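Here is a short briefing on one protein model. Look over the sequence and the 3D view, then work through the points below.

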Amino acid sequence: MQTLGAYLFEYLYKEKKIRHAFGLPGDFALPTFRWLEQSQIELITMTHEPSVGFAADSYARIHGLGLACVTYCVGGLNMVNSIACAYAEKSPVIVISGGPSILDRKRDPLLHHKVKTFDTQRRIFEEVTCANTILLDPKTAVAEIMRVVETVQAECRPGYIEIPYDLVDLPIVLPSSMPVTIVSTSDTESLDLFISEITAHINQSKQPVIIADVELQRHGVTDKAIAFAERFSIPLVATLLSKSIIPETHPLYIGVYSGGLSEAACQKYVEDSDCLIMLGTFITDVFLGQYTANLDRKNSIVLTTESAALGLHHYSDIVFSEALDRLSKAAITKRSGFINPNPARELMPLAASEYNDPLGAESFFHILSLHIGQGSTLICDTGDALLGAIGIRTTASKNFLSDAYYLSMGFAVPASIGALAGNKEGRVFAIVGDGAFQMTGMELSTAAKYGMAPIVLILNNDGYGTQRHIIDGQFNVITMWDYTKITDVIQSGFSVKVKTKKQLDDALLQALAANEIAVIEVVIPRDDCSSHLRKMGEQLGKLRNTQKK
Ligand SMILES: Cc1ncc(C[n+]2csc(CCOP(=O)(O)OP(=O)(O)O)c2C)c(N)n1
Ligand SMILES: [Mg+2]
């Protein structure tokens with residue numbers, strides 16, 4: 001008879017195709033980690049739990065399901081922010097935490113790591129997961145595991161499984177019948193009406209445009225949206241959160257829309273549209289460019305996993321993927337003569353006359369674009385590392401990752417480990433501010449341990465640059481580090497500090513030629529930033545600086 005531990009990881013490997021797990025053990029979780037290590041899943045142990053969560057999140061965004069294993073409270077609670085990020089941005093991560101034994105729970109001593117009640121950690125995770133369980137009975141454990149994992153997959157949000165350390169070695173009882181996956185279907189009348197009304201609306205519009213957003217990627221239906229766009233020749237934009245789910249060199253692709261933070265031609269096209277087709281869109285303040293957006297709500301079509309609407313008319317019981325299928329077959333008139341107002345442009349290599357120019361945020365992104373080859377992945381942390389990337393075009397699809405809605409600092413370096421796990425081709429670039437690097441940059445130690453070779457670009461603008469544009473004070477000052485010493489600390493890879501355009505260009509060539517960790521400290525003048533960050537700072541300054549009002 002199989003034990004719970006053996007069953008759990010075999011199920012996740014065989015049925016759910018999970019190949020890597022990210023974790024950090026502790027005594028309550030050690031018996032579970034032993035089963036994990038004996039399974040076919042490759043375990044990557046990291047230096048700190050926030051990083052475990054971010055790595056599992058990025059792995060989930062790429063592979064469809066992530067796994068984060070931690071110990072009780074000290075580990076799990078350390079990871080709440082990362083799992084909150086995965087919840088907010090719809091990333092399906094399974095959290096497995098060790099926990100006190102069933103006997104401990106009966107005796108009820110002040111057990112180490114316990115906070116308030118034995119249930120505290122589960123209740124906290126209830127807020128940031130779509131399903132949760134504490135496995136207290138071997139007879140129901142299998143059904144409980146399946147319930148949580150299936151819900152995670154269906155909702156694309158994290159789930160929580162806590163395993164008492166004594167239970168994991170016990171034989172499990174397989175349920176007599178396996179739970180049946182319920183496939184939801186649309187109300188046909190509602191779906192017919194929705195499709196016929198939006199078809200008429202699209203046909204009578206002059207300038208329809210699709211906003212292709214994050215739910216398309218998370219629910220594996222991006223291809224349906226692209227097929228719809230191509231079939232009727234309707235242009236598309238992405239958002240910062242969905243950037244690169246549409247290949248950024250696609251002739252119908254206009255750029256990233258983010259209200260007043262967008263590139264001007266992209267913003268104008270979207271805001272002049274008399275028919276916005278929002279597919280899988282999160283209407284966030286980032287999407288709205290901190291409320292600088294000027295969108296025509298009455299003429300918008302919204303289709304997400306949670307709603308279907310045309311203007312202010314809402315349609316109930318419509319399944320996202322079914323409606324997308326129907327859209328491609330609808331009687332929509334194919335358009336002709338679309339002239340892309342913001343096409344992908346051929347990038348100009350550096351001219352010799354620019355070699356000694358000092359670097360700035362904009363020139364950094366220009367030079368970086370020259371080096372992002374086919375198959376490479378770009379991961380951007382919060383700050384100018386993200387906002388500055390709005391205008392760059394990646395060459396392949398699905399190779400841009402960031403927590404562009406939740407905006408937690410510290411995402412990029414650990415996420416690069418998640419992206420490198422199981423990645424045999426293409427390089428992974430992590431772009432990170434100096435402030436964010438001070439949060440999780442030490443995770444490069446994990447990259448060294450597993451022979452991974454991320455290229456890390458630290459944008460050193462001497463502190464919390466983004467916040468200086470909102471409200472400045474001593475709180476935005478951080479200690480200046482000698483960032484290039486990090487490779488001495490971890491005794492792996494090479495590092496270089498660059499101040500001019502040519503130095504950056506050379507450093508990137510060197511990094512790409514070497515198959516080891518590369519850390520490039522990019523010195524950006526303290527008062528410089530991308531135009532996107534400047535605009536966002538001005539706008540957030542107006543909103544947050546209430547003393548000025
Ligand atoms: C975990 C976390 N803590 C605090 C913040 C608030 N915050 C937003 S931007 C920022 C400064 C970022 O500094 P840095 O990483 O150097 O990037 P820069 O703004 O300079 O480009 C801070 C502290 C946050 N977003 N996430
Ligand atoms: Mg900074």
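Helix α15 (residues 412-420) lies across β14 (377-380), β16 (428-433) and β17 (455-460). Helix α15 runs at about 170° to β16. Axes are lines fitted to C-alpha atoms, for helices over the stretch in contact, and angles run from 0 to 180 degrees between N-to-C directions. Contact means heavy atoms within 4.5 Å. Helices (H or I, at least four residues) and strands (E, at least two) are DSSP runs, numbered from the N terminus.

This is a predicted model: local features need pLDDT of at least 70, side-chain atom pairs count only at pLDDT 80 or more, and totals for chains, interfaces and linings use all residues. Residues are numbered from 1 along each chain as its sequence is written, chains are lettered from A and ligands numbered from 1 in the order in which they are written, and side-chain values use heavy atoms, with hydrogens and water left out.

**The six-strand sheet**

- An open sheet holds 6 strands in the order β15-β14-β16-β17-β19-β18, with parallel pairing. Two strands pair if DSSP finds at least two bridges between them.
- β15 (400-402) and β18 (494-498) stand at the edges with a single partner strand each, so one side of each has no neighbour in the sheet.
- From one strand to the next, the twist averages 15°.
- β18 is joined to β19 (residues 518-523) by 5 bridges, and the two run parallel. Valine 496 stands opposite isoleucine 520 in β19.
- Helix α20 (residues 501-513) lies across β16, β17, β18 and β19. Helix α20 runs at about 165° to β18.

**A buried strand**

- 5 of the 5 residues of strand β10 (residues 275-279) are buried, so β10 is largely enclosed by the rest of the structure. Buried means under 20% relative accessible area, exposed over 50%, and partly exposed in between (1.4 Å probe, protein chains only).
- In a regular strand, side chains alternate between the two faces of the sheet.
- Both faces of β10 are covered: Cys275, Ile277 and Leu279 lie on one side, Leu276 and Met278 on the other.
- Strand β7 (residues 208-212) runs parallel to β10, with 5 bridges between them. Proline 208 has cysteine 275 as its bridge partner.
- Strand β11 (residues 301-303) also pairs with β10 in the parallel sense, over 3 bridges. Here isoleucine 277 stands opposite isoleucine 301.

**A buried helix**

- Helix α4 (residues 80-88) has 7 of its 9 residues buried, so the rest of the structure largely encloses α4.
- The buried residues of α4 pack against α3 (49-63), β4 (93-99) and α6 (120-126).
- Just after α4, lysine 90 takes a positive phi of about 55°.

- Aspartate 434 lies in helix α16 (residues 434-440) and glycine 463 in the loop between β17 and α18 (465-468), so the pair ties together parts that are 29 residues apart in sequence.
- Aspartate 434 is buried at 2% relative accessibility, and glycine 463 is buried at 4%.

**Cysteines**

- The count comes to 0 disulfides, a disulfide being a pair of cysteine sulfur atoms within 2.5 Å.
- Cysteine 73 is in no disulfide; the nearest cysteine sulfur, that of cysteine 69, is 16 Å away.
- The sulfur of cysteine 529 is 16 Å from the closest cysteine sulfur, in cysteine 380, too far for a bond.
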